[in-house]
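Please look over the sequence and the model shown here before reading the notes on how the chains are built and how they meet.

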Amino acid sequence: MKREELLAEIQRYCQRDHNERVALFAASPDGSRLTWESCEMAMWNKTNEELINFIRREAHHLPSEQAEKIRQAAPALLRGEKVDLDAMSMGFLLALMSFQREVIDDQPDPKEFTVALKTTETPRSPRVARFVLFLIPKKNREHLIGDLEEEYRTLIMPEYGRRWARIWYRGQVIQAVGFYVWPFVKRVLGMAAIWKVIGR
Amino acid sequence: MDYLGEFELLVMLAVLRLGSNAYGMMIRREIEDVAERSASLGAVYTTLERLEDKGFLSSAVGEATEERGGRAKKYFKVTASGAGAVKRSVKSTDAMKAGLGPAWGGAR
């Protein structure tokens, strides 16, 4: 698939209203809202590598069932068989395949393709850890969770992989909760000690 | 007059260094990268809250992005009294250092 066709393909599926944000993110990594025309211009100005990174990054936001469907359909599509996918999944699949082809000089390698598809897993942070974060006072809870999520998804996960990223996340959560809970524990222990002295 | 603790000073300096991009994650990374000291996000946030209560920092809620799960950022800015506190801390550290030998970072 040529670059022009590829961009037309992305445009086709990005323009579906439920998927508009993909187009917006394509053009603006900071998430600011742009018109489609600006998106298109920005996409034309991106290098192939940037476009690949965009697709991979966006694939992280796919629901896990959808990512699984794409993964299952990929080998069949590579064999030239018909696959049953919704438009958005097909869009992702085509985009991933096209980028992959372009990178490896129009010779798609199923192994390479599988590697690319692995990135379609949603990098969800550990659920239990996220739940524990509700022990943090409301004032800064949302901001702290947001910062943790951002670092987990954008820096730790790509650098160290899913397993270590999850360990890192749990460690951060334990420390964060510890910092907030410890003064409270100290106060309770202090009160208990005072009560013990008074009670004598 | 409130003085800054060691970690508080690091957080204040990180906020100053980052300028308009000073929010939790960036402050934590700045401390780790520049001061080469590990800092958890929990430690950074409790310190930021304390500094805000002391009036050394002010905050503003920023934009929510997709990679943050749609959660807003909280940007921090050093206030005039915060800047004064940083200057006092740095000055007193420098004054204490001045009497030491070069091996300890002093002038002699």
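Predicted model: local features only at pLDDT ≥ 70, side-chain atom pairs only at ≥ 80, totals over all residues.

Residues are numbered from 1 along each chain as its sequence is written, chains are lettered from A in the order in which they are written, and side-chain values use heavy atoms, with hydrogens and water left out.

**The two chains**

- Chain A has 9 helices and 0 strands, where helices (H or I, at least four residues) and strands (E, at least two) are DSSP runs numbered from the N terminus.
- Chain B has 4 helices and 2 strands, and along its sequence these follow the pattern α-α-α-β-β-α.
- Of the 200 residues in chain A, 41% are buried, and of the 108 residues of chain B, 44% are buried; buried means under 20% relative accessible area, exposed over 50%, and partly exposed in between (1.4 Å probe, protein chains only).
- Among contacts with a separation of 6 or more, residues 24 or more positions apart account for 60% in chain A and for 46% in chain B, a contact being heavy atoms within 4.5 Å.
- Chain A exposes about 11900 Å², with 58% of it supplied by carbon and sulfur atoms, while the accessible surface of chain B comes to about 5600 Å², with 55% belonging to carbon and sulfur atoms; these areas come from the Shrake-Rupley method with a 1.4 Å probe, and for residues only the protein chains shown count as cover.

**The interface between chain B and chain A**

- The interface brings 24 residues of chain B into contact with 27 residues of chain A.
- Together the chains bury about 2400 Å², 53% of it on carbon and sulfur atoms, where buried area is the accessible area (1.4 Å probe) that two parts lose on being put together, summed over both.
- B:Glu66, B:Glu67 and B:Arg71 supply 27% of the area that chain B buries against chain A, which is more than any other three residues.
- Between the chains there are 6 salt bridges, each a side-chain nitrogen of Lys or Arg within 4 Å of a carboxyl oxygen of Asp or Glu.
- In a salt bridge, the side chains of A:Glu150 and B:Arg68 meet at 2.8 Å, N to O.
- Helix H2 (24–34), helix H3 (41–53) and strand S2 (72–78) of chain B are the elements that give two or more residues to the side of chain B that touches chain A, and H3(B) provides the largest share, 8 residues.

**Two residues of chain B**

- B:Arg29 is found in helix H2 of chain B and is partly exposed, with a relative accessible area of 22%.
- Leaving aside neighbours within four places in sequence, B:Arg29 is in contact with A:Glu151, A:Leu155 and A:Ile156.
- The C-alpha atoms of B:Arg29 and B:Ser40 are separated by 9.5 Å, with the two residues 11 apart along the chain.
- B:Lys74 lies in strand S2 of chain B and counts as buried at 6% relative accessibility.
- Leaving aside neighbours within four places in sequence, the contacts of B:Lys74 include A:Lys139, A:Asn140 and A:His143 on chain A, and B:Tyr23 and B:Glu52 on chain B.
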